[in-house]
Amino acid sequence: MIVTIDGVAASGKSSVSSGVARALGVPYVSSGLLYRAAALLALEAGAALEDEAAVLVLLEGSGLRLEPLAEGNRVWAGGRELTPDLHSTRVDKGVSAVASLPGVRAWVDAQLRALPQPFVAEGRDMGTNVFPHAQAKFYLTASPRVRAERRARERPEDIPAIEAALTKRDEADRRQISPAVDALVIDTGPLDLQGVIEVILSALPE
Ligand code: ADP
Ligand code: CDP
């Protein structure tokens with residue numbers, strides 16, 4: 001069984017996926033971390049974020065690997081753990097450009113499809129492109145202000161700066177990704193984390 005949880009930036013995808021995965025006793029798969037890792041490798045190498053050939057060489061040569069665990073995903077480049085470096089403001093800013101490269105998307109999709117199932121997969125196009133035959137699909141939303149307030153607890157910037165950056169990234173991502181028509185859309189604004197997890201668990205097929 002595959003459950004997909006897509007949604008806009010900071011809508012709660014990874015926290016909710018982790019809770020749903022733990023309740024089901026399966027891992028969750030955070031696809032965004034692979035795009036973030038691709039952006040980090042490009043930034044560290046001084047490659048242009050639009051240079052598909054250069055980014056693909058970095059991906060192929062780095063031994064990049066996603067370790068999906070129910071309590072939190074980790075990303076490795078060979079023996080180096082990248083996870084703590086993937087949520088910086090510079091990666092936030094650069095990631096949509098790298099994620100718009102078709103070759104990078106194909107590379108990430110292949111990594112995800114090779115993972116042992118079952119799992120909960122979260123990102124932007126899990127229910128549309130990567131796992132269109134998933135048994136249950138969800139799409140999380142919340143207003144930009146609510147999402148910025150939540151993310152402000154994790155980032156050094158103030159709420160208006162975070163809200164502006166989130167809105168810009170939503171716009172960049174919207175050009176390449178749209179929600180699955182068969183996904184249940186959940187506005188997480190009025191709910192707490194446990195509330196969103198319960199809505200999803202109660203909507204799962206037997
Ligand atoms: P995403 O994976 O979509 O970027 P996260 O899971 O990282 O989102 O959530 C962003 C922040 O918002 C986290 O600190 C998380 O604990 C918090 N959060 C997520 N969903 C809710 C919710 N429904 N109510 C309150 N806080 C939430
Ligand atoms: O947690 P947040 O929503 O802020 O970001 P994320 O899920 O880690 O995704 C980071 C970026 O990766 C997004 O802004 C997209 O540009 C890209 N992404 C994507 O294109 N497709 C996915 N399935 C997941 C992420």
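Predicted model: local features only at pLDDT ≥ 70, side-chain atom pairs only at ≥ 80, totals over all residues.
Local features here need pLDDT of at least 70 and side-chain atom pairs count only at pLDDT 80 or more, while totals for chains, interfaces and linings use all residues. Residues are numbered from 1 along each chain as its sequence is written, chains are lettered from A and ligands numbered from 1 in the order in which they are written, and side-chain values use heavy atoms, with hydrogens and water left out.

**The sheet**
- Start with the open sheet: five strands in the order E2-E6-E1-E7-E8, with parallel pairing. Strands (E, at least two residues) and helices (H or I, at least four) are DSSP runs numbered from the N terminus, and two strands pair if DSSP finds at least two bridges between them.
- At the edges sit E2 (28-30) and E8 (184-187), each pairing on one side only.
- On average, neighbouring strands of this sheet are turned by 20 degrees against each other, direction ignored.
- E1 (residues 2-7) and E7 (residues 136-141) run parallel and are joined by five bridges. In one of them, Ile5 has Phe138 of E7 as its partner.

**Two helices on the sheet**
- Helix H1 (residues 13-24) lies across E1, E2, E6 (119-123) and E7, and runs at about 175 degrees to E6. Angles go from 0 to 180 degrees between N-to-C directions, using axes fitted to C-alpha atoms (for helices, over the stretch in contact); contact means heavy atoms within 4.5 Å.
- Helix H2 (residues 31-45) lies across E2 and E6, at about 30 degrees to E2.

**Ligand 2**
- There are 20 residues around ligand 2, and Lys13, Arg36, Arg151, Arg169 and Asp173 come nearest. Being around it takes a heavy atom within 4 Å.
- An N or O atom in the Asp173 side chain is 2.6 Å from an oxygen atom of ligand 2.
- For Arg124, a polar side-chain atom lies 3.0 Å from a ligand 2 oxygen atom.

**An aromatic pair**
- Searching the whole structure turns up one aromatic pair (ring centres within 6.5 Å, rings of Phe, Tyr and the six-membered ring of Trp).
- The ring centres of Phe119 and Phe131 are 5.4 Å apart and the planes are at 65 degrees, so this pair is edge-to-face (planes over 60 degrees apart; under 30 is stacked, the rest tilted).

- Most residues other than glycine have a negative phi, and most peptide bonds are trans.
- The Gln117 to Pro118 bond is cis, with omega near 5 degrees.
- Ala10 is not a glycine, yet has a positive phi of about 60 degrees.

Notes. Polar contact = N/O pair within 3.5 Å; in protein donor to acceptor, adjacent residues only side chain to side chain.
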